[in-house]
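The sequence and the structure come next, followed by the description.

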Amino acid sequence: MEALAPSGRQVELVHADSSVTITEVGGGLREYTIGGAPVLDGYDVATMASRGRGQLLLPWPNRIADGRYPFGGTTHQLPVNEVALGNASHGLTRWSAWELERLGPAAVRASFILRAQSGYPFTVGFAAEYRLADDGLTVTMTATNLGGQPAPVGMGAHPYLTAVGADGATVRADDVELTVPAATRLETDDRSIPTGARAVAGEPFDFRRPRPVGSLALDTCYTDLDRDPDGRARVRLGAPGGGSVTVWMDETWRYVQVFTGDTLGPQERRRSIAVEPLTCPANAFNSGDGLRVLEPAASVGGTWGIHPTRA
């Protein structure tokens, strides 16, 4: 009997010299290359996704303090899976088997129904449609309340991106020229739970104009995003003398988390930068910030994407 890959069935999307791999487990993004060069700091088919690599974060992104939140007159208790900090982290769908429907050589639809359960007694259907084209990868995510009562929902995604220099080598976070078009960041406590908002003007966290990351450690949620005329906000990672990779997001995504990986293991630390489109920040199930409450049969959806450019 052939062993199953930890991330399940793999669907490869191909367009010109670009390739993307989507996984059955979590409906996530495992690999993205263009001309053989990595766009995504993904993971091998023989291993599990580590630290959220390429995963979809549903029905909430980031953290819920103590895994506890009030909704509909009841206090709900979720499993605490970030034990060191006492939080429920990154939702309930990351390790489940999603349905994958190929839509063509460069497109696939991943879908999953999250059934009502202890701590989240709501039934919500999720879908992510991935399309690879000349302008890169486009991801459209939707959530639909399939139950008979209102349901709290947040969405997020967790790609780690690499920038490739003129010599074809990936650039460490220190040397990446970063642009984050955001006027505000969220301050957090020692459990990574937001405690308030702060303007970035005059701070080391201000990347509204492109500049190298340097030694700055980022695990920072930004908001008040400046958008281009097409309604998209764009976070750009540039390599000195090389190409760039841009994560763009439509108006659905009001927040973006930027993570330089300083808490990862020695081989992964500051090797890449996670740029995470979010509909709501950490602990939104308690704060209500950006939280969507879907009535029965209602849906919410949004699109984000990854656009690489060569040197």
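Two strands pair if DSSP finds at least two bridges between them. Strands themselves are DSSP runs (E, at least two residues), numbered from the N terminus. The model is predicted, so local features need pLDDT of at least 70 and side-chain atom pairs count only at pLDDT 80 or more, while totals for chains, interfaces and linings use all residues. Residues are numbered from 1 along each chain as its sequence is written, and side-chain values use heavy atoms, with hydrogens and water left out.

**Strand 27 and its partners**

Strand 16 (residues 160-161) pairs with strand 27 in the antiparallel sense over two bridges. Tyr160 has Ala274 as its bridge partner in strand 27. Strand 26 (residues 255-259) also runs antiparallel to strand 27, and five bridges join them. Here Val256 stands opposite Pro277 of strand 27.

Buried means under 20% relative accessible area, exposed over 50%, and partly exposed in between, with a 1.4 Å probe and protein chains only. Six of the six residues of strand 27 (residues 273-278) are buried, so this strand is largely enclosed by the rest of the structure. In a regular strand the side chains alternate between the two faces of the sheet. In strand 27, Ile273, Val275 and Pro277 point one way, Ala274, Glu276 and Leu278 point the other way, and all are buried.

An open sheet is formed by four strands in the order 1-2-3-4, with antiparallel pairing. Its edge strands, strand 1 (10-15) and strand 4 (37-38), each pair on one side only. Strands of a sheet pair through backbone hydrogen bonds, either parallel or antiparallel. Six bridges connect strand 1 with strand 2 (residues 18-23) in the antiparallel sense, and Val11 stands opposite Ile22 in strand 2.

**Ser18 and Pro308**

Ser18 belongs to strand 2, and Pro308 belongs to strand 29 (residues 299-309). The two residues are 290 apart along the chain, and their C-alpha atoms are separated by 10 Å. Contact means heavy atoms within 4.5 Å. Neighbours within four places in sequence aside, Ser18 is in contact with Leu13, Tyr32, Thr33, Ile34 and Leu132.

| Residue | Relative accessible area | State |
|---|---|---|
| Ser18 | 7% | buried |
| Pro308 | 13% | buried |
| Trp98 | 3% | buried |
| Phe112 | 16% | buried |

**Aromatic rings**

Rings of Phe, Tyr and Trp (its six-membered ring) pair if their centres lie within 6.5 Å; planes under 30 degrees apart count as stacked, over 60 as edge-to-face and the rest as tilted. A search of the whole structure finds seven aromatic pairs. In one of them, the ring centres of Trp98 and Phe112 are 5.7 Å apart and the planes are at 20°, so this pair is stacked. Trp98 lies in the loop between strand 9 (87-89) and strand 10 (99-104), and Phe112, 14 residues apart from it, lies in strand 11 (residues 107-114). One aromatic cluster is formed by Trp60, Tyr69, Phe71, Tyr120, Phe122 and Phe285.

A charge sits over a ring if NZ of Lys or CZ of Arg is within 6 Å of the ring centre and within 35 degrees of the ring normal. Arg185 lies over the face of Phe205, 4.2 Å from the ring centre. Arg232 has its charged end over the ring of Trp248, at 3.5 Å from the centre.
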